[in-house]
Amino acid sequence: MTSMPASPKPPGRLARLWDSDIAYSFRSSPMTVVATLLALLLVLAAIAAPLIAPYDPFDPASLDLSDGFSRPMVPNEITGKVFWLGSDAQGRDIFSAILYGSRVSLLVGAASVLFSLVIGVGLGLVAGYVGGRTEALIMRVADVQLSFPAILVALLVFGVARGLIPPALQEQMTLLVLVVAIGLSNWAQYARTVRGSTLVEKNKVYVDAARLIGLKAWPVMLKHVLPNVAGPVLVIATINLALAVIEEATLSFLGVGMPPTQPSLGTLIRFGQQYLFSGEWWILLFPSLVLVLLALSINLFGDWLRDALNPKLR
């Protein structure tokens with residue numbers, strides 16, 4: 001008797017993911033691949049700043065005024081040191097300062113996006129599921145906030161918060177205040193999107209079945225409705241990460257963001273613009289370039305993700 005041929009081994013999880021429509025869409029877009037790799041490179045470089053940076057740019061003991069205004073890749077005339085991207089007036093290495101500044105910008109951006117996501121998704125779920133006066137109140141507040149520019153709302157929240165914090169704690173609390181200010185300026189987008197999706201989902205059969213077995217409103221919203229409205233929220237969060245980084249840089253450039261002892265990319269740009277017309281162009285150029293590349297790469301990835309998760313565009 002001839003033995004039956006062995007059945008082929010089913011593909012593994014990674015193989016199925018590689019052959020999926022989303023993975024194919026990603027591989028088919030060279031711009032998205034480059035943008036994703038660039039964003040990952042910048043994020044990993046910021047995370048590993050203490051390991052990569054040749055100098056600690058914020059240790060006063062390591063600064064030497066003789067290294068000030070060193071040109072990129074040119075030995076300093078006095079000390080002979082070579083700084084890859086030059087140095088500023090205090091002799092601070094620009095490359096090291098960018099790595100550490102990127103950490104602060106990404107931390108503020110990610111934390112503020114998470115903060116606004118939690119508030120917006122929670123209020124959007126309640127508005128869409130409960131309806132009535134609760135929905136009207138939440139949506140009217142969101143409409144009023146969306147009528148103002150996000151940066152203006154962030155400036156208002158930042159100013160009020162700084163006024164409530166004792167002067168001795170203001171510098172230590174700046175990062176937290178920035179996260180709250182930027183987060184409160186962007187929650188309305190999540191709320192409107194989730195509310196619209198919840199209005200559709202709450203009338204479907206699986207929600208009716210969850211109610212019939214006795215589940216309360218919050219378990220239904222969190223366990224059944226929320227997973228089905230997470231796609232648009234993920235897209236908004238990705239795009240808002242780039243906007244939050246730019247918003248933080250704008251606040252720091254205006255002098256109401258991170259202090260000089262914990263500078264972000266916006267703070268470095270604010271310092272560099274003082275020397276734009278005096279010949280020390282590198283102090284402004286390189287932090288600005290990193291900010292543009294970071295925001296652009298995250299935005300391009302967010303645009304691809306929006307299209308990839310839209311079934312009408314597959």
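Let us start with overall dimensions: the protein has a radius of gyration of 24 Å, whereas a compact globule of 314 residues would have one near 20 Å. Here the radius is taken over C-alpha atoms, and the globule rule is 2.2 Å times the number of residues to the power 0.38. Along its principal axes, the C-alpha trace spans about 80 × 75 × 30 Å. Please keep in mind that this is a predicted model, in which local features need pLDDT of at least 70 and side-chain atom pairs count only at pLDDT 80 or more, while totals for chains, interfaces and linings use all residues. Residues are numbered from 1 along each chain as its sequence is written, and side-chain values use heavy atoms, with hydrogens and water left out.

The secondary structure is quickly told: there are 14 helices and 0 strands. Helices (H or I, at least four residues) and strands (E, at least two) are DSSP runs, numbered from the N terminus. Of the 314 residues, 40% count as buried, where buried means under 20% relative accessible area, exposed over 50% and partly exposed in between, with a 1.4 Å probe and protein chains only. Among contacts (heavy atoms within 4.5 Å) between residues at least 6 apart in sequence, 69% join residues at least 24 apart.

Now step inside. A nonpolar core is a set of buried Ala, Val, Leu, Ile, Met, Phe, Trp, Tyr and Cys residues joined through side-chain atoms within 4.5 Å. The largest one has 29 residues, and Ile94 and Ile98 have the most contacts inside it. Helices α3 (30-47), α5 (94-130), α12 (230-253), α13 (265-272) and α14 (282-308) each supply at least two of its residues, with α14 giving the most, 9 residues. Take Ile98 as a landmark: beyond its neighbours within four places in sequence, Ile98 touches Leu85, Leu265, Leu268, Phe286, Pro287 and Val290.

In α13, 6 of the 8 residues are buried, namely Leu265, Gly266, Thr267, Leu268, Ile269 and Gly272. Their cover includes α5, α12 and α14. In α8 (residues 174-184), the buried residues are Thr174, Val177, Leu178, Val179, Ala181, Ile182 and Gly183. These pack against α5, α7 (150-164), α9 (187-201) and α12.

Ser116 sits in helix α5 and is buried, with a relative accessible area of 2%. Its side chain reaches the backbone oxygen of Val113 at 3.0 Å. Leaving aside neighbours within four places in sequence, Ser116 is in contact with Gly183, Asn186, Trp187 and Tyr190.

Finally, turn to the record. An unreviewed UniProt entry places the feature "domain: ABC transmembrane type-1" at residues 102-302; UniProt annotations may be inferred rather than shown by experiment. In the model, that span is 77% helix and 0% strand, and its end C-alpha atoms lie 20 Å apart. The UniProt annotation "transmembrane region", also from an unreviewed entry, covers residues 106-130, 142-161, 173-190, 225-246 and 281-305. Residues 142-161 are 85% helix and 0% strand, with end C-alpha atoms 21 Å apart. Residues 225-246 are 82% helix and 0% strand, with end C-alpha atoms 32 Å apart.

Technical notes
Polar contact = N/O pair within 3.5 Å; in protein donor to acceptor, adjacent residues only side chain to side chain.
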